[in-house]
Amino acid sequence: MKRIFAFLVMLMTVILLGTLMIPALAQDGDYPPGPEGAGEGGTIIDYYFGDDPSTFNPILASDSASLAVTGLFYPAIVGIDPVTGEPAPNLPGSVAESWEYDETSTILTVNLRQDLFWNDGTPITAADYVYATSAVRSGVTSSPRTSMFETLDDGTPAGGKIVSIEAADDYTVVITFTEADCTAFNDINDVSLVPAHIFSELYGTDYALMDEDPRALPTVTFGQWKDLEFAPAERYSVIADQSYPDTLLGFVSPGEYVAQNVPDTNVAVERLLAGDLTYGVVPANRQAEFRGNSDFQVFEADANSYVYIGFNLADPTNPQNGVDENGELIDQGLHPIFGDPAVRIALTHGIDIDGIVAGVLQGNGTRINTHTYPLNWVQAELEPRLFDPALASQLLEEAGWVDDDDDTATPRVCQGCLYATEVDAAFEGSPMSFTLITNAGNTIREQIGEVADQQWADIGVEVDFQAIDFGVVLEQTGAQTFDSYILGWGLGLPVNPSADGIFNVESDIVNDGFNSYSYYNEEYEELIDAGSTVAGCDVEERRAIYERIQTIFYEQQPVIFLYSGKTMAVAQNWVQGWNPVQWAAAHDNDAWVITPD
Amino acid sequence: MTKFIIRRLVQAIPTFFGITLLSYMIMLASPSDPVALMTNDPSFSQQEKAAMAARMGINDPWPLQYFRWLVGDDWLRWDSDGDGISDRSFLIALDANGDGVAEPPGDRRGILRGDFGKSFSFREDSLKLIGQFLPATLELNVIVLIVSLALGIPIGILAAVWRGGAFDNGSRIIAVIGDAIPVFWLGIILIIVFGSGGQWLDILPMGGRCGVTRGDCPPVYLRLEYLVLPTLVLALGGVAGYSRYMRAAMLETISSDYVRTARAKGLTTQAVWFKHGFRNAMIPLATFLGPTITGLLGGSAITETIFSWPGVGRLLVRATTSLDYPLVMAGVVVGAVLTIIGYLLSDILYAVFDPRIRF
Amino acid sequence: MATTQTAPIVNLNMLEQKQPRSKSLFQKAVYRLTRDPLTLVALTVIVLMTLMSVFAPVICDLLNIDPFHQTLSNIYADMGAEGHPFGTDDLGRDHLARLLYGAQVSLGIGFGAAGLSVVIGISLGVITGYYGGIVDDIVIWFITTLNSIPSLFLLLIISAVLSPSPSTLVLVLAFLGWTGTTRLVRGETFSLREREFTVAARAIGASDFRIMYLHILPNVISLIVITLAQAIGGLILIESGLSYLGFGIKPPTPSWGNMLTSSQELIRQAPHLAIAPGLLIAITVLCLYIVGDGLRDAFDPKLAD
């Protein structure tokens with residue numbers, strides 16, 4: 001009896017151990033999967049935090065959540081190589097097969113691939129690009145991309161270089177520029193192609209209708225994914241579109257891609273660490289927890305973005321556009337404090353930027369001194385303005401902001417400051433006090449704000465720092481009624497060192513343009529044109545021009561350039577087939593195999 | 001009973017007006033400009049914005065604005081001869097912004113007819129949005145209520161029966177601890193514990209409600225694991241509250257005269273505790289229904305945020321941060337109406353259970 | 001969740017006959033408290049916390065620490081690091097100093113708002129309970145209105161609109177919190193109003209105010225003290241919840257609530273930063289609840305000695 005019992009126990013133990021082993025055996029270590037793996041590669045669980053995408057229409061999309069979604073379904077006209085960052089033909093996610101300029105370099109002819117179809121079988125044609133750009137050019141939509149054109153449909157100048165976009169035939173797009181443009185591809189890639197046959201059925205040429213239903217679900221798309229399902233405030237999900245021709249393996253491996261909404265980055269990181277999320281981008285203040293963490297595949301790269309403190313250089317009580325309908329400059333007035341370059345330079349010396357990179361970012365970033373970032377092919381040699389409170393105080397005194405009671409607890413007052421001498425003498429005696437805003441929920445920026453608050457207080461500058469809702473921040477910066485803010489620029493590809501679209505005067509449009517600082521510099525305006533019209537787009541000649549631009553920004557300090565961060569993308573260990581490259585960490589997600597254990 | 005209900009409903013009317021008035025005045029007191037937010041279209045010039053503001057009646061005296069918000073303006077300015085141009089108006093101006101052209105006919109139906117306007121951020125009807133997110137909150141809170149009652153009441157009774165003993169003191173402390181920990185801290189700790197606490201604990205999802213399955217939300221019993229963590233966080237406070245209440249109520253009932261009499265007459269301890277003590281202590285429990293419903297909508301806001309639960313509390317927090325006035329007002333009014341109903345229900349229940357009360 | 005209370009039977013020296021060797025309710029309560037070790041311990045903890053927060057500037061001077069001074073080169077210092085007994089936070093500020101000053105803010109808000117709402121509540125409750133009539137109707141209407149709006153929403157909206165500093169927050173919280181006390185006091189006053197001693201006092205010609213102040217008020221005090229203890233605890237929790245949602249006291253002013261919120265991301269890198277404020281809040285609120293319970297037991301006239 002005992003022996004039978006012992007035998008049974010052994011048998012059960014063996015069976016038990018055996019069943020535990022089966023999952024391990026079943027997990028196929030082979031990669032890549034064969035064609036039978038189409039759609040069987042698991043589910044990619046990603047995240048987005050904060051607000052839901054505001055629209056699924058690429059013509060209207062401007063916030064990152066919306067752009068992430070539209071990027072799944074609508075191709076660009078010319079693709080950017082994710083390894084080099086340069087335009088290249090026949091890339092997945094784009095439609096251009098080749099292109100050429102005419103002799104004057106003002107007419108660009110793009111030839112589209114003829115073998116691409118929307119997933120309802122309709123061919124992708126030039127009409128799709130023309131429809132999208134016409135919608136933008138009409139000016140009646142909320143699209144922010146109007147600045148790519150020279151003028152809108154009704155003749156208002158829009159500050160861009162594109163004169164017209166036409167379809168010469170089904171597969172040829174002809175774009176006419178005002179002059180030879182070495183930065184053409186930044187502009188034309190601003191707008192994705194849309195299925196013109198569907199959109200014209202829905203909206204016709206009454207483009208304003210698009211804003212009535214910005215979250216209309218895309219029905220006909222082109223990409224590795226299709227069939228968007230959106231649960232507000234919870235998640236959106238797409239499934240594999242096997243009709244997509246440009247997959248890496250010949251088919252789309254994962255079956256589904258889901259992006260879950262999480263309230264803030266901390267919960268997202270915790271869920272990544274817990275294995276709840278497959279893949280994600282990690283903010284700078286948590287990157288240390290993933291570096292060397294054997295549970296994750298980690299990819300780090302420099303970002304093509306930077307963070308800065310923006311100043312309002314113009315009169316905040318009277319916001320004006322930079323130029324009027326005739327292209328004439330409009331007087332912007334002067335900001336009582338920031339209108340003086342000496343003050344801006346003093347404030348730069350008054351904040352410990354290196355300390356911020358070392359402390360707040362924990363070293364996950366690089367200090368910058370002008371409009372640039374480590375990946376830029378233009379890097380002017382400039383002396384960093386080091387943290388020197390004594391120097392900052394001295395510069396402020398010389399600029400007419402005096403600490404009249406020898407007490408650093410009370411703010412400096414204007415005694416002969418620029419604003420009092422040039423604009424309004426009654427301003428004499430006013431305290432040096434202003435507001436600094438940033439978007440709440442971004443921990444790093446909130447910390448930078450506290451640092452600025454404290455360090456500028458130490459030199460007698462009173463700062464009212466507020467972290468507020470992002471929508472409200474955008475509202476104030478758009479309306480140009482702000483004093484200063486902490487935000488960042490995500491710069492597009494290919495790399496454009498001219499800062500055109502950010503600092504040029506035509507981008508100073510109240511509630512519409514990105515030049516919310518109201519910056520204007522005559523030499524800079526000329527250099528922008530010079531840089532994009534260099535004969536043959538000679539690299540060294542352009543480099544010299546852009547270095548001069550960077551030096552101008554450094555000398556004038558319209559904003560305080562802080563740092564360019566490092567991005568870190570992580571994927572769980574059980575994701576196979578991930579090979580991230582510099583410019584697109586997740587470009588190959590149609591080839592992933594996800595097998596959570 | 002019907003007369004009682006009708007009387008209470010009638011009494012609720014001035015309360016309803018009080019609520020709407022209070023909410024509206026707070027909205028008016030806001031320093032940021034709701035009109036500017038509504039005309040988010042960047043292509044509007046300053047004059048166009050001012051004209052639109054005047055059209056919406058921003059320059060009217062505030063009682064008129066409140067009235068308009070309440071009852072709508074589609075009957076205040078209308079087109080009587082069908083030519084597309086409004087030509088009659090009552091109380092509000094035909095040409096509000098002085099540009100010589102009559103304003104378009106009013107198109108708002110007023111909150112009394114359920115028109116709170118379109119949410120600024122979602123660009124959809126506010127009331128509809130609230131309705132979309134409400135079921136998730138109700139689901140969570142009903143389950144929390146059930147769990148809290150199921151655990152809290154027995155604990156409270158036992159603590160009263162064994163008063164002064166280890167169980168009593170122990171449950172007092174543990175129950176109170178549940179009430180004393182900040183909710184969001186507990187949530188984050190639970191996420192860490194259940195997320196990264198090792199393989200044995202790695203069984204619960206950290207957020208969401210319907211999981212990652214496409215299609216409609218599966219029925220509750222198929223996705224219970226998503227409810228565990230949020231319920232745990234919220235029920236802790238509920239258990240604490242109900243157990244302390246039951247303990248105190250039982251103790252009070254036990255020492256009351258009629259129970260002492262019953263005891264003197266020779267009733268067994270068991271009969272005393274359960275026939276008299278328990279049942280009479282349960283009666284006022286019904287009165288908690290009212291405040292519970294009020295707590296329902298707001299109280300779970302933090303938990304919903306942490307666990308990505310798509311409920312009304314989280315919706316309204318975001319609406320408030322982004323100054324989405326139509327949505328906020330809709331949430332406040334809906335919450336208030338539900339509260340009034342809750343108080344009414346609890347009054348009825350109280351009367352039903354307590355034989356001393358007659359109408 | 002207020003328990004139903006019936007009026008304690010009070011010995012009032014003025015009008016009742018003196019009975020030999022019987023103690024007043026107050027004396028009985030004190031006696032009972034001294035026999036309740038749990039409540040005593042909790043009370044001591046509360047007193048200690050309050051003292052620490054009041055003497056925060058002194059303590060910080062003694063230990064040479066500063067809650068606002070940032071040292072970006074020394075962030076996340078461990079506990080026991082040089083010059084920083086509790087380590088430093090994400091911007092290199094001394095953690096202990098911030099905890100002490102944070103105590104000032106959090107406890108200040110708790111005590112202040114609770115105290116203010118009790119004062120309002122008592123005054124309004126006694127007045128409406130005593131006079132009744134239309135005054136009562138209006139106050140009840142206002143109370144029902146205020147109670148019908150989910151208080152979190154109201155709090156959020158007001159915070160979003162006013163962006164409160166600690167003192168404004170106290171006012172706002174008091175404005176939202178006086179209704180419970182008022183209801184209680186009003187109920188008590190109703191029953192006390194018809195008692196013999198009140199009728200007698202009126203018959204003698206005592207003024208309304210005198211009656212309210214001398215007769216009715218002492219009888220409701222015991223009720224009030226109990227609600228106060230719980231209210232303070234609740235308010236401290238509300239403050240921390242507000243900070244999490246982004247509406248509370250804004251940095252760099254430290255409060256336990258916003259310290260707890262910003263420490264969420266540090267739980268792995270610097271756990272001592274996350275644990276301390278959370279622990280302090282939990283312990284303080286816990287002790288307040290225990291004290292409240294203990295007081296209720298102590299003042300309950302029906303519990304046998």
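Let me begin with strand 5 (residues 107-112) and strand 7 of chain A, which pair in the antiparallel sense over 5 bridges. Here two strands pair if DSSP finds at least two bridges between them, and helices (H or I, at least four residues) and strands (E, at least two) are DSSP runs numbered from the N terminus. Within that pairing, Val110(A) has Val173(A) as its bridge partner.

A word on the source: this is a predicted model, in which local features need pLDDT of at least 70 and side-chain atom pairs count only at pLDDT 80 or more, while totals for chains, interfaces and linings use all residues. Residues are numbered from 1 along each chain as its sequence is written, and chains are lettered from A and ligands numbered from 1 in the order in which they are written.

Strand 7 of chain A also runs antiparallel to strand 6 (residues 162-169), joined by 6 bridges. Ile162(A) is partnered there with Phe177(A), and a hairpin of 2 residues connects strands 6 and 7 of chain A. Which residues form the covered face of strand 7 of chain A? They are Val173(A), Ile175(A) and Phe177(A), whereas Thr172(A), Val174(A) and Thr176(A) make up the uncovered face.

I turn to a second sheet in chain A. It is open, has 4 strands in the order 1-10-9-8, and its pairing is mixed. Strand 1 (43-49) and strand 8 (225-231) of chain A stand at the edges with a single partner strand each, so one side of each has no neighbour in the sheet. Inside this chain, strand 9 (residues 235-240) and strand 10 (residues 256-262) are antiparallel and joined by 5 bridges, with Tyr236(A) opposite Ala259(A).

Next, helix 11 of chain A. Its 16 residues (443-458) should span 22 Å at 1.5 Å a residue, and the end C-alpha atoms are 23 Å apart, which agrees; the expected span is 1.5 Å times one less than the number of residues. Of these 16 residues, 12 are buried, meaning that 20 or more other C-beta atoms, placed from the backbone, lie within 10 Å of a residue's own. Among them are Ile444(A), Arg445(A), Glu446(A) and Trp456(A). Just after this helix, Gly460(A) takes a positive phi of about 85°.

Finally, the contact between chains C and B takes 40 residues from chain C and 47 residues from chain B, where contact requires C-beta atoms, placed from the backbone, within 7 Å. On chain C, helices 5 (133-148), 6 (151-162), 9 (208-245) and 11 (271-299) are the elements giving two or more residues to this side.

Key: Two residues are in contact if their C-beta atoms, placed from the backbone, lie within 7 Å.
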